[in-house]
Amino acid sequence: MMPSRGRPRNPITQTSILTASYELLLESGFKGVTVEKIAERAEVSKATIYKWWPNKAAVVMDGFLAAATNRLPVPDTGSVFEDVLIHATNLCRFMESQQGRIIAEIIGEGQQDKVLMEACRSRYIHPRRSEAVMMMSRGIERGELRKELDLAICVDLLYGPIFYRMLVTGEPLRDEFVKQLVEAAFRGLQPS
């Protein structure tokens, strides 16, 4: 979330704003959400929203993330293969849900709205990439993965096909697909 501007945020007011923005996003899609509608539903002024968020995209992304974060925990089973498999499976299951399909809409809208795309990247994509890099780093430390790996490329290799299916081919993101994807990728990532 954005660092606070001005007075500290009232947690109850903040929660009502985030809840309102998320509900409106589910009901109307990103284009149908306005700061005015968020303020009305949360029973706050537009000035309160703008005091804490720089724009609609930021508050909508924060509302989405507040609702979605608990659905994508970062596992630590002691096995990088199991961690990535669990994480990628949870991501696919989430992306197939009504809430997860919002990400596809946001990415689509973001092609025309640079502010929205930057909010999506900074609030959703980059943090998820950091989580995946952290899991892979643990695998290198435990000797489960090759030491010389470029972890950014590894994350693209593992998670890129998920977004490709979601955004381009429209093929389902089933558990079997995720298992095959992770198994295929790990054949090239593990030490000889």
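A salt bridge here is a side-chain nitrogen of Lys or Arg within 4 Å of a carboxyl oxygen of Asp or Glu, and the structure holds 14 of them. The model is predicted, so local features need pLDDT of at least 70 and side-chain atom pairs count only at pLDDT 80 or more, while totals for chains, interfaces and linings use all residues. Residues are numbered from 1 along each chain as its sequence is written, and side-chain values use heavy atoms, with hydrogens and water left out.

**View 1. Arg 41 meets Glu 23.** The closest N and O atoms of this salt bridge are 3.3 Å apart. Arg 41 sits in helix α2 (residues 35-42) and Glu 23 in helix α1 (residues 11-32), 18 residues apart; helices are DSSP runs of H or I, at least four residues, numbered from the N terminus. Arg 41 is partly exposed at 36% relative accessibility, and so is Glu 23 at 34% (buried is under 20% relative accessible area, exposed over 50%, partly exposed in between, with a 1.4 Å probe and protein chains only).

**View 2. Lys 46 meets Glu 36.** Here the closest N and O atoms are 2.9 Å apart. Because Lys 46 belongs to helix α3 (residues 46-52) and Glu 36 to helix α2, the pair ties together parts 10 residues apart in sequence. Lys 46 is partly exposed, at 36%, and Glu 36 is partly exposed, at 42%.

**View 3. Arg 129 meets Asp 156.** In this salt bridge the closest N and O atoms are 2.5 Å apart.

How values were computed. Helix = DSSP H or I, 4+ residues; strand = E, 2+ residues; numbered from the N terminus.
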